[in-house]
Amino acid sequence: MAERIDRPEIYEAARRFVDAGLRRDDSLFTPGEPIWSAAGAADLYVRFVDHPDESADSFLNTFQRQLDGAPAATVQLAAEVLFVHLLMPWDMRGNTKRGMIEAVLSWSPSPARIPDYLRDALDVGVARLGAGHTLRNYQLQFLLELLRHWKSLPSDEQIRLLGDPWEFKGEVARTPGRQDQAQREALLHLMYPDTFEPIVSRSHKYRIADYFADRADRSGEDVDLRLMRIRDSLAGDHAPNFSFYDPGIRERWDGSAPTPLVVPPVLPPTPPVPRVATLASLADELYVAPAFLEEIDGLLRDKGADAVLGRLEPG
């Protein structure tokens with residue numbers, strides 16, 4: 001079992017997504033309303049995938065333009081798909097995730113809200129994305145490609161695919177897309193945590209499988225199946241829900257060793273950095289939208305860059 005026992009809320013949210021969005025045409029945020037419908041998926045697909053906004057503007061600004069004039073159901077579906085996407089990263093603060101989703105909901109003529117029982121799921125995540133945050137458009141496009149095709153399938157075919165993790169993985173593999181591998185891997189783990197590892201890097205999966213090849217000797221098999229065999233073989237040596245990133249395990253397959261402690265030299269204090277009055281004034285100087293700098297500021301703060309951005313004040 002690869003489900004993280006310290007993050008039950010994220011798996012509960014994933015189960016609600018499968019039930020409301022894939023098994024039925026329901027809603028994550030307003031149960032009983034047909035938000036995840038074929039019509040809604042088609043409308044959102046046309047706006048986001050068929051008409052990409054490739055400007056240098058922020059994600060939220062481009063997304064708002066793409067959703068301009070959309071009916072309330074399409075805007076809410078966009079927010080709920082974004083919620084599913086944001087279950088993936090753990091290197092992003094929950095407040096930042098909630099703020100993005102609430103911004104999208106605010107564009108609706110009749111905005112919904114994130115239910116209390118789903119809010120905490122955004123405080124955790126599956127994996128560290130790092131630079132993968134810049135690929136959000138591709139990751140959302142993949143989810144919409146999968147959703148549009150899914151809604152065209154007969155209900156008995158949907159049931160068959162959902163009932164078999166490997167069949168569903170095949171459906172994911174057949175879905176077109178690019179630069180979206182992290183989203184594919186995260187979706188499989190969230191939906192089938194007992195089958196797929198919480199690893200969004202394919203190269204990491206192959207490195208683990210190759211290092212522990214003596215534990216799973218069928219090298220030609222699917223890499224996820226090999227990882228299942230490896231986990232089973234290591235179960236007696238580690239806690240039931242161990243991670244391949246745990247200390248003492250990662251060093252083995254990653255070829256890395258703990259970084260030795262180096263005491264830095266004592267340097268003279270640096271003079272204080274002049275403060276910039278506000279993000280808004282900086283945006284005026286750079287001729288960019290304030291929302292763009294606010295999104296960059298939030299992402300950098302999530303990565304621990306407060307010391308760099310401490311001189312930028314919001315507003």
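Author: What follows begins with the chain as a whole, turns to the cavities, and ends with some individual residues.

The model is a predicted one, in which local features need pLDDT of at least 70 and side-chain atom pairs count only at pLDDT 80 or more, while totals for chains, interfaces and linings use all residues. Residues are numbered from 1 along each chain as its sequence is written, and side-chain values use heavy atoms, with hydrogens and water left out.

The protein chain has 16 helices and zero strands, where helices (H or I, at least four residues) and strands (E, at least two) are DSSP runs numbered from the N terminus. Of its 315 residues, 48% count as buried, a word that stands for under 20% relative accessible area, with exposed meaning over 50% and partly exposed in between (1.4 Å probe, protein chains only). Among contacts (heavy atoms within 4.5 Å) with a separation of 6 or more, 65% come from residues 24 or more positions apart.

A cavity is a set of points, on a 1 Å grid over the protein atoms alone, where a 1.4 Å probe fits but cannot get out, and its lining residues have an atom within 4 Å of a point. Grid points are joined across faces, edges and corners, and the volume is the space filled by probe spheres set on the points.

The largest cavity holds about 70 Å³ of space, and its lining consists of Phe17, Leu22, Trp36, Val81, Val84, Leu143, Leu146, Leu147 and Leu187. The elements that give two or more residues to this lining are α1, α4 (72-85) and α7 (136-150), and α7 gives the most, with three residues. By class, the lining of the largest cavity has nine nonpolar residues, no polar and no charged, where Ala, Val, Leu, Ile, Met, Phe, Trp, Tyr, Cys and Pro count as nonpolar, Asp, Glu, Lys and Arg as charged, and the others, Gly among them, as polar.

The second largest cavity holds about 40 Å³ and is lined by Leu44, Phe48, Phe63, Ala78, Val81, Leu82, Leu140 and Leu144. Here α2, α4 and α7 each supply at least two lining residues, with α4 giving the most, namely three. The lining of the second largest cavity divides into eight nonpolar residues, no polar and no charged.

Ser27 lies in the loop between α1 (8-23) and α2 (38-50), and it counts as buried because its relative accessibility is 3%.

Gln139 has its place in helix α7 and is buried, with a relative accessible area of 2%. Apart from its neighbours within four places in sequence, Gln139 is in contact with His85, Met88, Gly132, Gln179, Asp180, Ala182 and Gln183. In helix α1 lies Tyr11, which is buried at a relative accessible area of 3%; Tyr11 and Leu190 are 179 residues apart in sequence and 6.2 Å apart in space, C-alpha to C-alpha.

Key
1 Å grid on protein atoms, 1.4 Å probe; cavity = no way out; pocket = protein on both sides within 12 Å on 5 of 7 lines; lining within 4 Å.
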